[in-house]
Amino acid sequence: MGSVSLKIGDGTARFKRATLCSSAINILMLFAVITTNLFALYAFNFSPNHHLNNPFRHPHKNISLISEQVSLIIKQIDSSQRKLAQMEKQLLGYDTLDLSRPNLATELKLFLQHHQLPLGKDSRTGITEMVASVGHSCEKSADLLSQYMSYKVSGPCPDDWSLAQKLILKGCEPLPRRRCFAKTVPKPGLTSLPVSLWKPVNDKIVTWTGLGCKNFNCLNSKKLSRDCVGCFDLISGYETQRYVKARNKIDFLMDDVLAMGNGGIRIGFDIGGGSGTFAARMSERNVTVITNTLNVDAPYSEFIAARGLFPLFLSLDHRFPFYDNVFDLVHATSGLDVGGKPEKLEFLMFDIDRVLRAGGLFWLDNFYCSDDEKKRALTRLIERFGYKKLKWVVGEKTDAAGSGKPEIYLSAVLQKPVRI
């Protein structure tokens, strides 16, 4: 089926392509209606004695025949309903994980067990059962997932956040809920805003299990990523100058970018925000920013929270848990590069576009381009969205690791258009 548009007033009514589920249901219902009518026609016109002209000569036989045909129709309807229920399970992923497999944790089976709705089928959604929210790819990591769900109910949770993160990075997201108490860590030395934004974080605030370093001095001596070199040093490192002092032409100043928003920047989303310095600078300017992060090689989430900011523990393969058109600003660095695969970056860009409001700003900050072809591919992708280029700079800077090799970076501020 194609799509049909009807011009009505100033708007357009659109009939969209049918989904697999709706097409299958329509076919089955059409089959049931046709079958019902054929049986009814047959029941009222058939006579066991074809030579008799009067079909009402033996009324008791006709009634018996009609009863038989009605029973067949009811059986056909029941069969169709069972087929629809099975299709519903398959399409919604009810049976993705085989709960009968051996060595599967009891808690996992209990969590994933679906339950009938107390009042039967929901007339609005057509759903008949309640199912748990768990990532589709968890089936590929069932052993790790079972290990994650092996714990004492109402007891302390195992110290296994690194296992949870491994599952997330394997696509098992969201993880199932657990009925255990997470390990509590004392938070000594916490201060209120705005002092907390730039006060060094105590090593004892962090759970260092599963990490190579056991303190922040160790982390500051490492290059954790292109966007995090000494990013936990809030005293003498470059973090104290980031976004307020430019080192080169591809470093944009925060106040200049905010001025492009004409005073309409209130809430923002920072993708791969390192230790939270972007959110800290925005907080100083009365802009609330949520920082997306994972604890890869460092306790980013705990560090950001200790600064009085909002960390969101989420991988970039997960659909952003925000409604459409809610953010005034989305900020992203080289962390936006999802494995170098153009299709994955395309999916991610569409989700960024979804949560950014019309007229909002997309700030691409020091995005590393390994070569000219990658830069051109990224440029072509961005141009597909029709954003207005408020600022666009391509430049080179020396590798932060100290190799001395120049690298190509792109920085841009783009404004989302109003689409009708």
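Author: Cys 138 and Cys 172 form a disulfide, with their sulfur atoms 1.9 Å apart; a disulfide is a pair of cysteine sulfur atoms within 2.5 Å. This is a predicted model, in which local features need pLDDT of at least 70 and side-chain atom pairs count only at pLDDT 80 or more, while totals for chains, interfaces and linings use all residues. Residues are numbered from 1 along each chain as its sequence is written, and side-chain values use heavy atoms, leaving out hydrogens and water.

Reader: What is the handedness of the disulfide of Cys 138 and Cys 172?

Author: The answer rests on the torsion about the S-S bond of Cys 138 and Cys 172. That torsion is about 90°, so the disulfide is right-handed.

Reader: Is Cys 138 buried or exposed?

Author: Buried means under 20% relative accessible area, exposed over 50%, and partly exposed in between (1.4 Å probe, protein chains only). Because its relative accessibility is 0%, Cys 138 counts as buried.

Reader: What is the handedness of the link of Cys 228 and Cys 231?

Author: A disulfide joins Cys 228 to Cys 231, with an S to S distance of 1.8 Å. The angle about the S-S bond is -50°, and the link of Cys 228 and Cys 231 is left-handed.

Reader: Which pattern do the disulfides of the protein chain follow?

Author: The structure holds 4 disulfides. With bonded cysteines counted along the chain, the pattern is 1-3, 2-4, 5-6, 7-8.
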